[in-house]
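Hi,

Here is the structure I said I'd pass on.

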Amino acid sequence: MKHAELRREVAVANRAIVEAGLVVLTFGNASAVRNGVMAIKPSGVPYAELTPESIVALDVESGAVIEGTHRPSSDAPTHLVLYRRFPGIGAIVHTHSRFATAWAQAGRPLPCLGTTHADHFRGAVPVTQPLDTADLGEYEASTGEAIATAATADVPAVLVRGHGPFVWGADAAEAVENAIALEAVAGMALDTLALAPEVGELDAHLLERHFTRKHGPTAYYGQPT
Ligand SMILES: [Zn+2]
């Protein structure tokens, strides 16, 4: 297995999103990419039965399966579009986690209402535009294009309208962490607006301060390395 390490990482990431409580039934999938090869969850295989051997490897450029005996996740074309459009992405997590999906179904961007959100996402998490009915023939690839259009440089997540979140990161561990953070802040935002529908977004300066103390060249959160 030439891509054994990548497939092992993806098996671990798929188990991690289940353990984090982000997966309902078999809704969801994690993938990772390296050197033009994407590894992704197989279609319809229960998470409990996922092994590195069951993970499918595809050529990002052609979309052809190059390793593995299973069919790839039906969302593979969505993941492929994002890896082609954003070469800096190392891994993608898609789930139907409850709160992030509620915002996606409402068709509402997730506003930054507090510092928990600002620690992970530098602003609102965008939501995609409705798909044109002409795009439904290539539904999964069109979904990828809609995500790419909605995505912003500073927020590694997009809510697909009527569907659920797609979240990414530099590697599988970071994508999983971002998916967990998104679900947490989506729940907090819903509760916050239930208590105080009139509350505004977090002050822009506070948002910047919280984001940049954890990310980028001026970060100072945590222990020195
Ligand atoms: Zn889905």
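This is a predicted model: local features need pLDDT of at least 70, side-chain atom pairs count only at pLDDT 80 or more; totals for chains, interfaces and linings use all residues.

**Zinc site**

The zinc ion gets its protein donors from three histidines: the NE2 atoms of His-94, His-96 and His-163, lying 2.1 Å from the metal. Along the chain, these donor residues follow the spacing H-x1-H-x66-H. His-94 sits in strand β5 (residues 91-95), while His-163 is in the loop between β6 (157-160) and β7, so this pair, 69 residues apart, links distant parts of the chain. Are His-94 and His-163 buried or exposed? The cut-off for buried is under 20% relative accessible area. His-94 comes out at 0%, so it counts as buried. His-163 has a relative accessible area of 15%, and therefore it is buried as well.

**The sheet**

β5 and β7 turn up again here, as part of an open sheet of seven strands. The order is β4-β3-β2-β1-β5-β7-β6, with antiparallel pairing. At the edges are β4 (65-67) and β6, each of which pairs on one side only. From one strand to the next, the twist averages 25 degrees.

The largest pocket has a volume of about 530 Å³. Its lining is made up of 21 residues, and those nearest the centre are Pro-156, Trp-168, Gly-169, Glu-174 and Asn-178. Which elements give two or more residues to that lining? They are α4 (115-120), β7 (164-169), α6 (172-195) and α7 (204-214). Of the elements, α6 provides the largest share, with three residues. Sorted by class, the lining of the largest pocket has ten nonpolar, six polar and five charged residues.

The second largest pocket holds about 200 Å³ of space. It is lined by 14 residues, with Thr-26, Gly-28, Asn-29, Ser-74 and Asp-75 closest to its centre. By class, this lining divides into two nonpolar, ten polar and two charged residues.

That's what I have for now.

Cheers

Conventions: Residues are numbered from 1 along each chain as its sequence is written. Side-chain values use heavy atoms; hydrogens and water are left out. On a 1 Å grid over the protein atoms alone, a cavity is a set of points where a 1.4 Å probe fits but cannot get out, and a pocket is an open set with protein on both sides within 12 Å along at least five of seven lines; lining residues have an atom within 4 Å of a point. Grid points are joined across faces, edges and corners, and a volume is the space filled by probe spheres set on the points. Helices (H or I, at least four residues) and strands (E, at least two) are DSSP runs, numbered from the N terminus. Ala, Val, Leu, Ile, Met, Phe, Trp, Tyr, Cys and Pro count as nonpolar, Asp, Glu, Lys and Arg as charged, and the others, Gly among them, as polar. Donors are N, O and S atoms within 2.8 Å of the metal (3.2 Å for Na, K and Ca); water is not among the atoms, so sites may look incomplete. Buried means under 20% relative accessible area, exposed over 50%, partly exposed in between (1.4 Å probe, protein chains only). Two strands pair if DSSP finds at least two bridges between them. Axes are lines fitted to C-alpha atoms, for helices over the stretch in contact, and angles run from 0 to 180 degrees between N-to-C directions.
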